[in-house]
Amino acid sequence: MKGLIAPPAWAAKTRLTLDAIRAAMLANTERVFTAHWTEDAVRDLLLELAGYKCWYCETLILRADVNVDHFRPKSEVLDVPDHPGYWWLAYDVSNYRIACKHCNSGGARYDGVRAGRAKGSQFPLLAGTRARTSGDDVKHEQPLLLDPAHEDDPALIGFDTAGYARRSNAPYSPAETQSGLCRASETIRILALNDSRLVPLRSRLMQEVSVLARFGDAPDIQQLIDAKVEPRAQWSSAAAMALALQRACDQPTAAPTPSATTPGGTPDVDPTRSTVDLQDLLEHLDPDDLKTGITLTGRHEKKMYHAVLNDEGQINVLGRPWPTPTTAAKVATGSNKIDGWDFWQLTIAGVEQTLAEFRATHFPRAAPT
């Protein structure tokens with residue numbers, strides 16, 4: 001978004017509208033947001049950056065309305081009582097993102113079941129101090145949602161060969177570790193990036209790129225590959241990952257580096273990661289049980305929920321795998337205010353315990369010094 005400048009005439013017009021909104025707030029009267037963001041003068045500027053595709057799910061927007069999403073919602077913030085919304089950014093082009101209807105306002109489905117309300121006015125924070133007035137600096141916020149316009153955020157989303165969006169192999173940030181949340185998983189959940197209609201199409205594209213890449217450097221084949229991985233193409237990030245995976249498979253296998261294991265030859269375990277996902281705790285569970293799936297249960301508002309922990313450390317809920325307990329719990333219950341580690345329970349040797357209790361057994365907190 002660097003260097004994006006709103007047309008002068010459009011900017012002058014929006015300043016007048018913003019002045020009226022500011023006056024309404026001072027007078028405690030109704031605010032009226034004129035939808036200047038739908039005008040071609042600014043929308044065309046955004047479309048020039050990545051073409052006619054959603055910046056969140058990368059699906060082409062053809063024969064449908066192009067939505068201009070406010071990354072920081074303008075009139076309210078869901079689950080944040082009394083927040084007036086980021087009204088002062090309503091006409092700031094740096095706050096605009098091109099979005100499809102499903103990512104902006106819902107409609108995505110998991111096997112026929114609606115996935116949720118999509119982004120809309122959701123803007124949860126991972127950490128930091130939330131801005132509430134035009135005088136507050138939004139740079140003090142650490143958004144939970146990945147921002148497609150932030151130079152580092154898109155790299156946190158990866159894709160497996162089945163076409164599922166997952167967190168890349170990037171390490172968790174200190175804020176993620178402290179909160180027990182994974183930004184990529186929460187973004188995938190909120191935006192339904194693994195919509196059951198989207199995953200097979202994404203998988204097919206990845207297979208096509210992999211097949212084409214096996215033909216070598218023939219100019220006509222490379223031209224086909226380039227068309228699929230160029231930034232304006234549909235699901236280009238998944239296509240680029242498939243290309244990278246295929247080229248990595250074509251390279252000679254490198255010997256494992258000593259730093260990947262401890263001197264005794266066992267894998268290094270990162271106890272901080274266990275506050276986000278279950279990967280480091282799998283070695284303490286029976287491999288045979290994991291292969292068949294370990295049943296998890298949770299109770300919320302007098303209702304019982306069930307899930308299955310698989311051998312990849314993912315929790316299957318509503319037919320979809322989720323890598324973090326909290327995200328899986330939010331999917332199951334529909335509640336944004338729930339801690340999956342305290343919510344999910346499993347039974348080990350006849351003893352029922354929460355995932356938090358199981359984690360504490362194997363990763364006890366150090367005593368204060």
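Here is a short walk through a predicted model, from its nonpolar core to one helix and then to one histidine.

Let's start with the core. The largest nonpolar core has 89 residues, and the members that touch the most others are Y91, Y96, I315, V317 and W344. If you ask which element gives this core its largest share, look at helix α6 (residues 199-213), which supplies five residues.

Now move along to helix α12, which spans residues 355-362. Its buried residues are L355, A356, F358 and R359. Viewed down the axis of α12, these buried residues fall within an arc of 160°, so they line one face of the helix. What sits over the buried residues of α12? The cover includes the strands β9 (294-300), β11 (315-317), β13 (345-348) and β14 (351-354), along with the helices α10 (325-333) and α11 (340-343).

Finally, have a look at H83, in the loop that runs between β1 (67-70) and β2 (96-99). Is H83 buried or exposed? Its relative accessible area is 6%, and the cut-off for buried is under 20%, so H83 counts as buried even though it belongs to a loop. Setting aside neighbours within four places in sequence, H83 is in contact with E76, V77, R130, A131 and R132. Take R130: it is 47 residues away from H83 in sequence, yet the two C-alpha atoms are 9.7 Å apart in space.

Notes:
Residues are numbered from 1 along each chain as its sequence is written. This is a predicted model: local features need pLDDT of at least 70, side-chain atom pairs count only at pLDDT 80 or more; totals for chains, interfaces and linings use all residues. Side-chain values use heavy atoms; hydrogens and water are left out. Buried means under 20% relative accessible area, exposed over 50%, partly exposed in between (1.4 Å probe, protein chains only). Helices (H or I, at least four residues) and strands (E, at least two) are DSSP runs, numbered from the N terminus. The arc is that of the directions from the helix axis to the C-beta atoms. Contact means heavy atoms within 4.5 Å. A nonpolar core is a set of buried Ala, Val, Leu, Ile, Met, Phe, Trp, Tyr and Cys residues joined through side-chain atoms within 4.5 Å.
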